[in-house]
Amino acid sequence: MSTERARLIGDAAIGILADLGMRGLTHRAVDAAAGLPPGSTSNVARSRAALLELALARLTELEDEHFGSLLVDPLPVDRREAMVELLAVSTHKMIGPDRRRSVARYELALEATRRPELRAVYDDIGRRYREPAAAMFAAAGTSDPARHGRQLVAFTEGLLFDAVVGAGGTPTLDDLRAAFAEYLSAVFKGGSAT
């Protein structure tokens, strides 16, 4: 996302998705939430599809900042405790301080099931999270790193979904540490990671 105005519009759209859902997301509502003159959002994102893609792009930008080095450098395979800590802390933040952002992401995920053009963008973004996970498992020498990477992302998404929109309650940081430790222990059972 290149301009400050596009970021402002993206942030406003994310807030609306979190608070009002997909039905509340209109160009006019984004203008009001962003404090912009009427028509400003339409100048940046002419159609609803373009507005959804802009919101998803901004959400991805924010999540890239959140996950930082996890997307660039594989998790450390030499210390399982470090992996557990990184995963637990990142997930805890998505459940707590960044909860609204998670709700907006789920709104966009559901909308992507109905819009092929958004699905393509959403799937491409998803690969950016699965590939580092697969690289971590490849470096650890697991038997099927691509599958293990997909499963780690799915496991994490399940924890997030249950905590943010499910009926499972909100896990503590220690709960998440235990969940990831148990998960990784099962994956690495008999593997090379220590």
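The questions and answers below go through the helices of this predicted model and the terms used to describe them.

Q: How do you know which residue is meant by a number, and what does a predicted model ask of its residues?
A: Residues count from 1 along each chain as its sequence is written, and side-chain values use heavy atoms, with hydrogens and water left out. Since this is a predicted model, local features need pLDDT of at least 70 and side-chain atom pairs count only at pLDDT 80 or more, while totals for chains, interfaces and linings use all residues.

Q: What makes up the protein chain, helices or strands?
A: The chain has ten helices and zero strands. Helices (H or I, at least four residues) and strands (E, at least two) are DSSP runs, numbered from the N terminus. Read along the sequence, the pattern is α-α-α-α-α-α-α-α-α-α.

Q: What makes α1 parallel or perpendicular to α2?
A: Their axes come within 9 Å and cross at roughly 110°. That makes α1 roughly perpendicular to α2. The cut-offs are under 35 degrees for roughly parallel, over 145 for roughly antiparallel, 65 to 115 for roughly perpendicular, and oblique for the rest. Axes are lines fitted to C-alpha atoms, for helices over the stretch in contact, with angles running from 0 to 180 degrees between N-to-C directions.

Q: Which residues of α1 and α2 meet, and how do they divide by class?
A: Leu8, Ile9, Ala12, Ala13 and Ile16 in α1 meet Ala29, Val30, Ala33 and Ala34 in α2. They divide into nine nonpolar, no polar and no charged. Here Ala, Val, Leu, Ile, Met, Phe, Trp, Tyr, Cys and Pro count as nonpolar, Asp, Glu, Lys and Arg as charged, and the others, Gly among them, as polar.

Q: How do you know that the span of α7 agrees with what its residues should give?
A: The expected span of a helix is 1.5 Å times one less than its number of residues. For α7 (residues 99–112), the 14 residues should therefore span 20 Å, and the end C-alpha atoms are 20 Å apart, which agrees. This helix is mostly covered, with ten of its 14 residues buried, including Arg101, Tyr106 and Glu111.

Q: How does the reach of α8 compare with the span expected?
A: Helix α8 (residues 116–140) has 25 residues and reaches 36 Å from its first C-alpha to its last, close to the 36 Å expected. Among its buried residues are Leu118, Tyr122, Ile125 and Tyr129. Just after α8, Gly141 takes a positive phi of about 80°.

Q: Why are Glu117 and Ala135 classed as they are?
A: Both are found in helix α8. Glu117 has 34% relative accessibility, so this residue counts as partly exposed. Ala135 is partly exposed too, with a relative accessible area of 31%. Glu117 touches Ala49 and Glu53, not counting residues up to four places away in sequence.

Q: What makes α8 parallel or oblique to α9?
A: The axes of α8 and α9 come within 7 Å and cross at roughly 125°. That makes α8 oblique to α9. Their crossing is right-handed, a term for a near helix turned clockwise from the far one by less than a right angle, with anticlockwise giving left-handed. Residues of the contact include Tyr129 and Phe137 in α8 and His148 and Leu152 in α9. By class, this contact has ten nonpolar, two polar and two charged residues.

Methods
Buried means under 20% relative accessible area, exposed over 50%, partly exposed in between (1.4 Å probe, protein chains only). Contact means heavy atoms within 4.5 Å.
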